[in-house]
Amino acid sequence: MTTSRQSEGQGKVTAAPVIDCHAHVYVRGLPLAPNATHDPTEDHVPQEYLSVLDRAGVTYGVLTAPSFLGTDNSYLLAALRAHPRLRGTAIVAPECEDATLQAMAREGVSGIRFSLNRYPDLPDLSSLSYRRLLDRIGALGLYVHLFVESSRIERLLPALLASGVRLVLDHFGTTAGSGEGNSGLRAAWKAIEGGNTWIKLSAPNRTGGADVRRLAREYLAAAGTERMLWGSDWPWVGYQGITYGETIAWFEDWIPDPEMRAAIGRTGLKLHGLADG
């Protein structure tokens with residue numbers, strides 16, 4: 001059941017988001033990927049995240065595989081097995097076996113993440129190994145979860161869209177700007193309008209100073225609440241001083257209509273195979 005919360009610093013009570021579609025859990029000492037861009041200095045465990053959700057009145061959460069752990073999804077999968085309120089996205093190699101993907105889907109993995117932001121080499125998604133992976137992702141009803149700069153998104157979208165797999169774009173398309181001058185955003189808008197792509201309203205601090213309020217309205221106009229998600233990006237890896245309440249307030253600023261925010265929540269529930277209450 002959707003709960004309500006007291007707005008920070010205000011007297012009004014607003015409905016809390018029903019699902020947070022982007023968060024991370026990890027502990028220090030886990031094996032890092034060879035090219036990791038981050039080495040955590042703090043532990044953030046599933047129980048802590050669930051407590052954060054409970055205090056905010058948020059029912060469900062989606063755990064996003066952190067890129068610095070590479071294809072080691074063991075900690076994330078253990079969290080999904082232990083907590084039915086959680087879903088997740090995992091990172092896999094293109095040669096990942098069918099049995100592994102199937103087991104992940106049974107354990108609560110909703111998507112496969114391509115976390116490429118700040119990594120110099122982009123995979124060739126038109127290669128045979130990636131085409132086969134995309135086919136298997138689609139056959140299992142999973143989606144591709146893409147995190148990459150908008151300046152490079154056009155190099156990846158053709159193969160992804162041609163595969164027919166459902167696609168979720170992170171952090172407003174991870175843009176360094178907004179408007180007609182950003183061809184990557186134009187490609188993202190076109191993909192969303194095509195009906196098989198979702199955009200995640202999250203992490204404005206990772207967008208290079210883009211006008212995210214404007215972008216949220218433009219994405220809303222392009223495809224409506226049926227193609228939008230919200231995420232907190234908890235615990236804000238690499239950033240300090242953000243609070244969970246602040247991320248909800250951002251969402252309310254981007255999408256002022258509470259009915260539209262509720263509809264975006266229902267979109268998140270449907271995409272992750274969850275039911276509210």
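Phe172 is found in helix α7, where helices (H or I, at least four residues) and strands (E, at least two) are DSSP runs, numbered from the N terminus. This is a predicted model, in which local features need pLDDT of at least 70 and side-chain atom pairs count only at pLDDT 80 or more, while totals for chains, interfaces and linings use all residues. Residues are numbered from 1 along each chain as its sequence is written, and side-chain values use heavy atoms, with hydrogens and water left out.

Although Phe172 is not a glycine, it has a positive phi of about 60°. Phe172 counts as buried because its relative accessibility is 0%; buried means under 20% relative accessible area, exposed over 50%, and partly exposed in between, with a 1.4 Å probe and protein chains only. Phe172 also forms one aromatic cluster with Trp250 and Trp254.

Helix α7 covers residues 171-174 and also holds His171, which is buried with a relative accessible area of 1%. Not counting residues up to four places away in sequence, His171 touches several residues, including His22, Phe147, Lys200 and Asp233, where contact means heavy atoms within 4.5 Å.

Asp233 leads on to the loop between β10 and α10. Asp233 is buried, with a relative accessible area of 1%, and its phi is near 70°, a positive value in a residue other than glycine. Pro235 has its place in the loop between β10 and α10 (244-254), and a cis peptide bond with omega of about 0° joins Trp234 and Pro235.

Because Tyr26 lies in the loop between β3 and α1 (46-56) and Phe68 in the loop between β4 (60-64) and α2 (74-82), the pair ties together parts that are 42 residues apart in sequence. Another edge-to-face pair is formed by Trp230 and Tyr244, at 6.3 Å centre to centre and 85° between the planes. This pair links distant parts of the chain, with Trp230 in strand β10 and Tyr244 in helix α10, 14 residues apart.

Tyr244 is also one of the residues with the most contacts inside the largest nonpolar core, which has 67 residues; such a core is a set of buried Ala, Val, Leu, Ile, Met, Phe, Trp, Tyr and Cys residues joined through side-chain atoms within 4.5 Å. A second, separate core of 12 residues includes Val18, Cys21, Val168 and Trp198.

The structure holds 2 cavities of 30 Å³ or more, a cavity being a set of points, on a 1 Å grid over the protein atoms alone, where a 1.4 Å probe fits but cannot get out, and lining residues having an atom within 4 Å of a point. Grid points are joined across faces, edges and corners, and a volume is the space filled by probe spheres set on the points. About 70 Å³ of space lies in the largest cavity, whose lining residues include Val25, Pro66 and Asp72. The second largest cavity has about 40 Å³ of space, and α11 gives the most to its lining, with 4 residues.

Technical notes: On a 1 Å grid over the protein atoms alone, a cavity is a set of points where a 1.4 Å probe fits but cannot get out, and a pocket is an open set with protein on both sides within 12 Å along at least five of seven lines; lining residues have an atom within 4 Å of a point. Rings of Phe, Tyr and Trp (its six-membered ring) pair if their centres lie within 6.5 Å; planes under 30 degrees apart count as stacked, over 60 as edge-to-face and the rest as tilted.
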